[in-house]
Amino acid sequence: MIRPLGDKILVKPAEAKEVKKSGIIIPDTAKEKPQEGEVIAVGKGKTSDDGKVIALDVKAGDKVLFGKYSGTEVKINDKDYLIMIQDDILGIIE
C-alpha cells in the first residue's frame, strides 16, 4: 500500500452508481463521479512555518465527502484511488 506524505490523504472513492432514466442505461463515461469515499491512509500532517507538524483531522477508516473534481486519480493494483490534501475534504460522514 502507499503511505501518503505530509498532509496528503489516500481515499478510495465509493462506487459510481448506475443511473437509469426512462429505462436508458447511462454508460460509465457519463456517470456522475462519486463525491464520497473511505480514507485508506493519511500522512503525518502539515508542517507549519515554525516547523511544527499539525495533525490531520481525518484518520484511516473515516467516510468523507469531497469536491467533485478533487484530488489526483491513481491506480494501485488495478483499483482506483484519489490522493488529495485535507483542504479538499468537505466533511466526515458520521
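Strands in this account are DSSP runs of E with at least two residues, helices are runs of H or I with at least four residues, and both are numbered from the N terminus. This is a predicted model, in which local features need pLDDT of at least 70 and side-chain atom pairs count only at pLDDT 80 or more, while totals for chains, interfaces and linings use all residues. Residues are numbered from 1 along each chain as its sequence is written, and side-chain values use heavy atoms, with hydrogens and water left out.

On that basis the chain has 10 strands and 0 helices. Two strands are said to pair if DSSP finds at least two bridges between them. Strand 1 (residues 8–13) and strand 9 (residues 79–85) run antiparallel and are joined by 4 bridges, with Lys8 standing opposite Ile85 in strand 9. Strand 9 also pairs with strand 8 in the antiparallel sense, over 5 bridges, and here Ile76 stands opposite Lys79 in strand 9. The hairpin formed by strand 8 and strand 9 has 2 residues between the strands, and in it Asn77 takes a positive phi near 50°.

Is Ser70 buried or exposed? A residue counts as buried under 20% relative accessible area, as exposed over 50%, and as partly exposed in between (1.4 Å probe, protein chains only). Ser70 counts as buried because its relative accessibility is 14%. A polar atom of the Ser70 side chain lies 3.2 Å from the backbone oxygen of Gly67. Leaving aside residues up to four places away in sequence, Ser70 touches Leu82, Met84 and Asp88, where contact means heavy atoms within 4.5 Å. For the chain as a whole, 63% of the contacts with a separation of 6 or more are between residues 24 or more positions apart, and 27% of the 94 residues count as buried.

Side chains of opposite charge can pair when their charged atoms come close. With a salt bridge taken as a side-chain nitrogen of Lys or Arg within 4 Å of a carboxyl oxygen of Asp or Glu, the count comes to 4 salt bridges. One of them joins the side chains of Lys63 and Glu38 at 3.5 Å, N to O. This pair links distant parts of the chain, with Lys63 in strand 7 and Glu38 in strand 4 (residues 36–42), 25 residues apart. Lys63 counts as partly exposed at 42% relative accessibility, and Glu38 counts as partly exposed at 30%. Another salt bridge is formed by Lys59 with Asp62, whose closest N and O atoms are 3.1 Å apart; Lys59 counts as exposed at 53% relative accessibility, whereas Asp62 is buried, with a relative accessible area of 10%. Asp7 and Lys8 also meet through their side chains in a salt bridge (3.7 Å, N to O), where Asp7 is buried at a relative accessible area of 16% and Lys8 is partly exposed at 34%.

Finally, the chain exposes about 6800 Å², of which carbon and sulfur atoms supply 51%, with accessible areas taken from the Shrake-Rupley method with a 1.4 Å probe.

Technical notes
Polar contact = N/O pair within 3.5 Å; in protein donor to acceptor, adjacent residues only side chain to side chain.
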